[in-house]
Amino acid sequence: MSTASIAPVFTDLTVGQDIGSRSITVTRQDLVKYAGASGDFNPIHWNEAFATGVGLPGVIAHGMFTMGAAVQLVTDWAGDPAAVVDYQTRFTKPVLVTDTTGTEEPGALIEVSGAVGALDADAGTVRVDLTVVYAGQKVLVKAQAVVRLA
Amino acid sequence: MNPDLQGRSYPAAEVYDVGREKIREFARAVKATHPAHFDLEAAKALGHRDLVAPPTFAIIIAQRADAQLIEDPESGIDFSRVVHADQRFIHHRPIVAGDRLVAELHVDGVRAMGGGAMITTRSEIFVLTGDGTAGSGVSREAVSTTTSSILVRGEGQ
């Protein structure tokens with residue numbers, strides 16, 4: 001499981017620079033795992049009848065699942081999860097997770113990419129702007145992680 | 001919806017003890033693979049005292065604090081109509097296994113949105129230091145500030 005990477009060097013970075021991309025698949029089982037791990041048992045994240053009953057198109061991922069999974073691109077790039085000193089997003093569109101249990105279907109696909117958004121030489125920090133897309137639409141907006149480089 | 005919620009605070013309640021297996025479980029749940037979440041030696045090699053929590057781990061503590069507001073009968077919030085609108089984590093220092101955390105909840109904003117309301121809360125999360133026995137001196141140090149906005153949908157929204 002090692003994701004050994006060479007930590008980025010501040011002076012080598014430029015605004016707009018690509019830091020890479022990552023694809024995340026999410027299934028109903030993933031949402032059940034996240035519910036258990038986080039303590040967020042809102043049934044819109046695991047019960048179809050409840051979700052449609054409150055006007056949703058179906059079961060949707062926790063916004064916090066998507067936010068938490070998307071930042072892994074940044075922690076792996078930074079080389080230390082503790083380097084992420086500030087992380088924020090707005091949740092704009094839901095990620096619909098259909099029931100693929102017992103099939104070969106991989107689940108909903110979330111695509112994450114990141115680029116250097118800003119550099120602060122005095123603070124020694126870099127802001128990484130994340131683009132997080134599901135079904136052709138941005139599901140997170142203003143997803144920004146500030147990384148303190150050693 | 002009670003408009004007088006703005007400015008309300010809920011003091012630190014129960015202590016949250018951060019465990020290694022909880023960090024591993026949460027990390028797996030957000031599909032994190034960084035060794036500092038799983039392997040003590042890897043965490044120590046990066047200069048950490050113990051396993052490091054993922055950047056959004058503090059949501060566990062923040063949502064427990066938020067529950068005090070949502071479950072407060074005076075708040076008038078219907079949880080089934082709540083949508084998470086935005087979230088921010090500012091980390092003053094990383095959360096690691098062994099930390100004993102408490103959260104103070106502050107209601108920073110309440111504003112009408114259509115027939116519903118947008119509520120912004122802030123949790124100030126502290127780590128307790130000292131062992132709590134008489135004379136050892138328990139003090140606290142700021143760990144994370146989390147802010148969250150929830151939209152409580154009105155009828156027909």
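In this predicted model, helix H1(A) and helix H1(B) are roughly antiparallel to each other, because the angle between them, about 150°, is over 145 degrees. The crossing of H1(A) past H1(B) is left-handed. On the side of chain A, the contact is formed by Lys33(A), Tyr34(A), Ala37(A) and Ser38(A), while H1(B) contributes Glu25(B), Phe26(B) and Ala29(B). Sorted by class, the residues in this contact of H1(A) with H1(B) are four nonpolar, one polar and two charged.

The contact between the chains as a whole involves 31 residues of chain B and 32 residues of chain A. On the chain B side, the elements giving two or more residues are H1, helix H3 (59–70) and strand S3 (82–91). S3(B) gives the most, with eight residues. By class, the side of chain B that touches chain A consists of 17 nonpolar, 10 polar and four charged residues.

Chain A contains four helices and five strands. Their order along the sequence is β-α-α-α-α-β-β-β-β. The C-alpha trace of chain A spans about 55 × 30 × 30 Å along its principal axes. Of its 150 residues, 39% count as buried. Among contacts in chain A between residues at least 6 apart in sequence, 64% join residues at least 24 apart. Helix H3 of chain A, residues 63–70, is mostly covered, with eight of its eight residues buried. These buried residues are Gly63(A), Met64(A), Phe65(A), Thr66(A), Met67(A), Gly68(A), Ala69(A) and Ala70(A).

Most residues other than glycine have a negative phi. Ala135(A), although not a glycine, has a positive phi of about 50°. Ala135(A) is placed in the loop between strand S4 (125–134) and strand S5 (137–148) of chain A. Ala135(A) counts as exposed because it has 11 C-beta neighbours inside 10 Å, and the cut-off for exposed residues is 12 or fewer. Lys142(A) is also not a glycine and has a positive phi, of about 55°. The place of Lys142(A) is in strand S5 of chain A. Lys142(A) has 13 C-beta neighbours inside 10 Å and therefore counts as partly exposed.

Chain B has three helices and six strands. From the N terminus on, its elements follow the pattern β-β-α-α-α-β-β-β-β. Taken along the principal axes, the C-alpha atoms of chain B fill a box of roughly 55 × 40 × 20 Å. Of the 157 residues of chain B, 36% count as buried. Of the contacts in chain B between residues at least 6 apart in sequence, 69% join residues at least 24 apart.

Strands S4, S5 and S6 of chain B are linked through S5(B). Strand S4 (residues 100–113) and strand S5 (residues 116–129) pair in the antiparallel sense over 12 bridges. The hairpin of S4(B) and S5(B) has two residues between the strands, and in it Gly114(B) takes a positive phi near 60°. S5(B) is joined to strand S6 (residues 139–152) of chain B by 13 bridges, again in the antiparallel sense. Thr120(B) of S5(B) takes part in both pairings. Gly109(B) stands opposite Thr120(B), and in S6(B) the bridge partner of Thr120(B) is Ser149(B).

Gly116(B) also lies in strand S5 of chain B. Gly116(B) counts as buried because 20 C-beta neighbours lie inside 10 Å, which meets the cut-off of 20 or more. Gly116(B) and Val152(B) are separated by 36 residues in sequence, with a C-alpha to C-alpha distance of 5.5 Å.

How values were computed:
Residues numbered from 1 in each chain as written. Chains lettered and ligands numbered in written order. Predicted model: local features only at pLDDT ≥ 70, side-chain atom pairs only at ≥ 80, totals over all residues. Pairing = 2+ DSSP bridges. Axes fitted to C-alpha atoms, helices over the stretch in contact; angles between N-to-C directions. Parallel < 35°, antiparallel > 145°, perpendicular 65-115°, else oblique. Left-handed = near helix turned anticlockwise from the far one by under 90°. Contact = placed C-beta atoms within 7 Å. Nonpolar A, V, L, I, M, F, W, Y, C, P; charged D, E, K, R; others polar.
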